[in-house]
Amino acid sequence: MVSKTRDKFIEVARQLFARKGVENTTMNDIASASDKGRRTIYTYFKSKRDIFNAVIERETDQLLNQLRIIVAKDISPEEKFYEYVDCRFETMKEIVSRNGSLRAGFFRDVRKVDRARKIISKKEIAMLRAILDEGVAQGDFRIADTSRTAVVIIHAIHGLDVPYIRDNLADQGIDKETLRTLISSILLDGIKKM
């Protein structure tokens, strides 16, 4: 029951945030739309920021699950890297697009973007590092420090989120396949063993 009520609050909050925006949604709105009392919502979440973070975490679980599948595939580390990057961009675009007003907030408030990213960054980095470690172990990649390399690559990818989601890259002649090729030549070819 506890988890069911909490899950309902998260889903209702996601829908309200998407429709009205985070700023225009109150804890009262969430409680009322969930057919629960305001006190009940506060037993699960201390603040609107807590429930916002829970919404973001729930949404990004979808991304993390897809990335885990890629890491576990029986394909080369190079192919995993390609799929990882493709999946990351496409899933983030879907998440942001599906959430209406959250999309506008995503583009306006860099602090919110950073908070949302902190929720999943460590997990993303760990999965990418696993791909890099596998590539090093197989002799495909030449990387002295896979840990720090994974951090830098993830932050580079994060830097492309907004232009990718807004299709600003397409305006500059960079479609999905071109982006994949460019990332490959900039990042992957720079770490591949010659």
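Three aromatic pairs occur in this predicted model. Rings of Phe, Tyr and Trp (its six-membered ring) count as a pair if their centres lie within 6.5 Å; planes under 30 degrees apart are stacked, over 60 edge-to-face, and the rest tilted. Two of the pairs are listed here.

| Pair | Centre to centre | Angle between planes | Class |
|---|---|---|---|
| Phe 9 and Tyr 44 | 5.8 Å | 55 degrees | tilted |
| Phe 17 and Phe 52 | 6.0 Å | 55 degrees | tilted |

Phe 9 in helix H1 (residues 2–20) and Tyr 44 in helix H3 (residues 38–44) are 35 residues apart, and their pair links distant parts of the chain. Helices (H or I, at least four residues) are DSSP runs, numbered from the N terminus. Phe 9 is buried at 0% relative accessibility, whereas Tyr 44 is partly exposed at 23%. Buried means under 20% relative accessible area, exposed over 50%, and partly exposed in between (1.4 Å probe, protein chains only).

The other listed pair also joins distant parts of the chain, with Phe 17 in helix H1 and Phe 52 in helix H4 (residues 48–72), 35 residues apart. Both Phe 17 and Phe 52 are buried.

Mean pLDDT (the predictor's confidence in each residue, from 0 to 100) is 85 for the protein, and 88% of its residues reach 70 or more. Confidence is lowest in helix H6 (residues 101–108), at a mean of 55, and highest in helix H2 (residues 27–33), at 94. Where pLDDT is low, the predicted coordinates should not be read in detail.

Residues are numbered from 1 along each chain as its sequence is written, and side-chain values use heavy atoms, leaving out hydrogens and water. Local features need pLDDT of at least 70 and side-chain atom pairs count only at pLDDT 80 or more, while totals for chains, interfaces and linings use all residues.

How values were computed. Helix = DSSP H or I, 4+ residues; strand = E, 2+ residues; numbered from the N terminus.
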